[in-house]
Amino acid sequence: MLEKLAYATIKLDDDEKRIMDNRSGNEFALLDDRFLEAPSLAVEHCKQVINKMADISRESLFISMSLIGGYDEEQALRVGELETRADKYEDALGTYIMKISTKNLKKEDSEMLNVMLHCIGDFERISDYACNLCDSARELQQKNMQFSPKAETELDILSSAVREAVDISFDAFKSNNKNEADKVEPLEELIDTLAVELKARHIRRLREGKCTIELGFAHSDILNNLERVADHCSNIGVCIIEIRQEGFETHEYLGIMKREDNEQFRKQYALYKEKYKLPETRKFTENDMQPAAVKA
């Protein structure tokens, strides 16, 4: 017990943590019921374990996104393994958090527990979307389908924006940093805008015969999954801000953030818009949405 308490309370670097995980053979050793008698320590242990879960979720997503441009079966299997681990983390953490919640907690511990309870679902769902992206990549490979160079460039730009949204929101969660969390929502709104534009451009390519219907379905699936990842990044960012600013609710915060007179939001959005600028193309019009004329 003394040895376990020492390892639980002394901060280890990443290499030391990996060694301890391998020695114990148990990823959830920190979620021991005996630590519930010291609620603050149990909350800290929860945070350490959920940080590992976030790393697993991020790794699975980034691997799956890389498979879109170059499929690799070994890496695809890795995504599935990581998603399974994320599921186990969600179950173990959810159960342990409920046990801690029955204890007499300090205000800051209770707040952190609420953040973790909300965010474990977001981390797990992101790993699910990683699997969906992996399935799309596998379909492209199996059917020998490939996007046009323009479509690939556009997807790369959107994917880069999503990667940054993940990095910002995950790191803000780990450090409980409100200033970093504030940067998520402008980027999430830009990602939504980019996705709409990419869908419009792809519809035009379909009409011009530069893309097949089947490839269009795969393109749509990828865009939808990337959008949903960004939505969960937004959830994580808003959750951190709500706890740090008492009295805010999600809809209230989003309303304040997206008001036209919110200079900070608009400035940050403009920076992201310039950073993730799409290559110029013919302007999309309503006529592009109309059915093509049938030739006699």
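User: Which residues have the most contacts inside the largest nonpolar core?
Analyst: This is a predicted model. Its largest nonpolar core has 79 residues, and those with the most contacts inside it are Leu93, Ile100, Met116, Phe123, Phe173 and Leu187.

User: Which helices each supply at least two residues of this core?
Analyst: The helices are α3 (39-67), α4 (73-101), α5, α6, α8 (184-207), α9 (213-244) and α11 (263-275).

User: And where does the largest share come from?
Analyst: From α5, with 15 residues of this core.

User: Take isoleucine 100. What is it in contact with, leaving aside neighbours within four places in sequence?
Analyst: Isoleucine 100 is in contact with Leu36, Ala42, Val43, Cys46, Leu105 and Leu113.

User: Aromatics next. How many aromatic pairs are there?
Analyst: The count is three aromatic pairs. One of them is formed by phenylalanine 123 and phenylalanine 170, edge-to-face, at 4.8 Å centre to centre with 75° between the planes.

User: Where do phenylalanine 123 and phenylalanine 170 sit in the chain?
Analyst: Phenylalanine 123 is in helix α5 (residues 107-142) and phenylalanine 170 is in helix α6 (residues 149-175).

User: Phenylalanine 123 and phenylalanine 170, buried or exposed?
Analyst: Both phenylalanine 123 and phenylalanine 170 are buried. For phenylalanine 123 the relative accessible area is 0%.

User: Why is the pair of phenylalanine 123 and phenylalanine 173 edge-to-face?
Analyst: Because the planes of the two rings, phenylalanine 123 and phenylalanine 173, are at 80°, with the centres 5.3 Å apart. The cut-off for edge-to-face is over 60 degrees.

User: How does phenylalanine 173 count, buried or exposed?
Analyst: Phenylalanine 173 counts as buried, at 1% relative accessibility. Ring pairs also link Phe123, Phe170 and Phe173 into a cluster.

User: What charged end sits over the ring of phenylalanine 173?
Analyst: That of lysine 47, 5.1 Å from the ring centre. Elsewhere, the charged end of arginine 125 sits over the ring of tyrosine 129, 4.8 Å from the centre of that ring.

User: Is cysteine 131 buried or exposed?
Analyst: Cysteine 131 counts as buried at 19% relative accessibility, because buried means under 20%. Cysteine 233 is buried as well, with a relative accessible area of 0%.

User: Now charges. How many salt bridges does a search of the whole structure find?
Analyst: It finds 24 salt bridges. One of them joins arginine 138 and glutamate 73, with the closest N and O atoms 4.0 Å apart.

User: Where are arginine 138 and glutamate 73?
Analyst: Arginine 138 is in helix α5 and glutamate 73 is in helix α4, 65 residues apart, and the pair links distant parts of the chain. Arginine 138 counts as partly exposed at 22% relative accessibility, and glutamate 73 counts as partly exposed at 38%.

User: What does aspartate 135 form a salt bridge with?
Analyst: With arginine 138, the closest N and O atoms being 3.1 Å apart. Both aspartate 135 and arginine 138 lie in helix α5, three residues apart, which is about one turn of the helix. Aspartate 135 is partly exposed, with a relative accessible area of 42%.

User: What about lysine 199, which residue does it form a salt bridge with?
Analyst: Glutamate 227, with the closest N and O atoms 3.1 Å apart. Lysine 199 is in helix α8 and glutamate 227 in helix α9, 28 residues apart. Lysine 199 is partly exposed, with a relative accessible area of 31%, whereas glutamate 227 is buried at 15%.

User: Last one. Which residues are linked in a network of salt bridges?
Analyst: Asp55, Arg58, Asp167, Asp171 and Lys174 are linked in such a network.

Terms used. Residues are numbered from 1 along each chain as its sequence is written. This is a predicted model: local features need pLDDT of at least 70, side-chain atom pairs count only at pLDDT 80 or more; totals for chains, interfaces and linings use all residues. Side-chain values use heavy atoms; hydrogens and water are left out. Rings of Phe, Tyr and Trp (its six-membered ring) pair if their centres lie within 6.5 Å; planes under 30 degrees apart count as stacked, over 60 as edge-to-face and the rest as tilted. Helices (H or I, at least four residues) and strands (E, at least two) are DSSP runs, numbered from the N terminus. Buried means under 20% relative accessible area, exposed over 50%, partly exposed in between (1.4 Å probe, protein chains only). A charge sits over a ring if NZ of Lys or CZ of Arg is within 6 Å of the ring centre and within 35 degrees of the ring normal. A nonpolar core is a set of buried Ala, Val, Leu, Ile, Met, Phe, Trp, Tyr and Cys residues joined through side-chain atoms within 4.5 Å. Contact means heavy atoms within 4.5 Å. A salt bridge is a side-chain nitrogen of Lys or Arg within 4 Å of a carboxyl oxygen of Asp or Glu.
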